[in-house]
Amino acid sequence: GASSSNTFSANLSGGDATAASQTGTVVYTAGVVDLTGGGNLVLRVDGGASFSAALGTSSTTSVASILSGINSAYTTAGYSGTLATLDGSGNIVLTSGAKGSSSSIQIDATSNAATLTALGLTSGNVTNGTNASLSNVVQQLNDSIATDSDLVKAGVSASSSGGKVVI
């Protein structure tokens, strides 16, 4: 008979799930940003409380100090890892440390307008990550099933049909 001790699972926030991210539209080739008239960048990550990164008002603010200021505020707000990086083109990229559809990045409307312009960011938009794809969930299930000899002997397997998982 069937046994309730034979379980298998898939992680919707694992596999090929993606993290939420937003990319600035300004390319920093000179390594400095004019934050004259600037101020705080207010962010909300993964639906948590808003937190503020004080980036200063210097006309020669280094990109490194901007990244450090954002990442320091992220850590102070209780998150781990790195939120702000530069992509290969020199754009600031804000990426959640979580994956899946509950992963989110929001730039709060209370952010300083001059700072947003200088960084090429837009307030208000919430960007969410995505859950694992159907084919990845099926693969995760089959990988999980393969670790249980009773399930393998019983011929249990996962597949997909019509956009649904079939066991």
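This is a predicted model: local features need pLDDT of at least 70, side-chain atom pairs count only at pLDDT 80 or more; totals for chains, interfaces and linings use all residues.
I take buried to mean under 20% relative accessible area, exposed over 50%, and partly exposed in between, with a 1.4 Å probe and protein chains only. I number residues from 1 along each chain as its sequence is written, and side-chain values use heavy atoms, with hydrogens and water left out.

**Entry 1. Aromatic pairs**

I began with Tyr-74, which is buried because its relative accessible area is 2%. I then looked for ring pairs, counting rings of Phe, Tyr and Trp (its six-membered ring) whose centres lie within 6.5 Å; planes under 30 degrees apart are stacked, over 60 edge-to-face, and the rest tilted. The count comes to 3 aromatic pairs. For Phe-51 and Tyr-79 I noted centres 6.0 Å apart and planes at 45°, so this pair is tilted. Helices (H or I, at least four residues) and strands (E, at least two) are DSSP runs, numbered from the N terminus. On that basis Phe-51 belongs to strand β4 (residues 51-54), and Tyr-79 to the loop between α1 (63-76) and β6 (84-86). The two are 28 residues apart, and their pair links distant parts of the chain. Phe-51 and Tyr-79 are both buried. Tyr-74 and Tyr-79 are stacked, at 4.7 Å centre to centre and 0° between the planes.

**Entry 2. Nonpolar cores**

I define a nonpolar core as a set of buried Ala, Val, Leu, Ile, Met, Phe, Trp, Tyr and Cys residues joined through side-chain atoms within 4.5 Å. The largest has 27 residues, of which Leu-41, Ile-70, Leu-83, Leu-94 and Leu-119 touch the most other members. Two or more residues come from each of β3 (40-45), β4, α1, β7 (92-95), β8 (104-107) and α2 (113-119). Helix α1 gives the most, with 6 residues. For contacts I require heavy atoms within 4.5 Å. Beyond four places in sequence, Leu-83 touches residues including Phe-51, Ile-70, Tyr-74, Leu-94 and Ile-105. A second, separate core of 5 residues includes Val-137, Val-138, Leu-141 and Ala-158.

**Entry 3. Strand β8**

I count two strands as paired if DSSP finds at least two bridges between them. Strands β3 and β8 run antiparallel, joined by 3 bridges; Leu-43 stands opposite Ile-107 of β8. Strand β8 is also joined by 3 bridges to β9 (residues 126-128), again antiparallel, and here Ser-104 stands opposite Asn-128. In a regular strand the side chains alternate between the two faces of the sheet. In β8, Ser-104 and Gln-106 point one way and Ile-105 and Ile-107 the other, and all are buried.

Thr-115 lies in helix α2 and counts as buried, at 0% relative accessibility. Leaving aside neighbours within four places in sequence, I found Thr-115 in contact with Leu-35, Gly-38, Gly-39, Asn-40, Leu-41 and Leu-55. From Thr-115 to Gly-90, 25 residues apart along the chain, the C-alpha separation is 17 Å.

Ser-144 is in helix α3 (residues 134-145) and is buried at 17% relative accessibility. A polar atom of the Ser-144 side chain lies 3.2 Å from the backbone nitrogen of Ser-9.

Conventions
A polar contact is a pair of N or O atoms within 3.5 Å; within protein, one must be able to donate a hydrogen and the other to accept it, and residues adjacent in sequence count only if both atoms are side-chain atoms.
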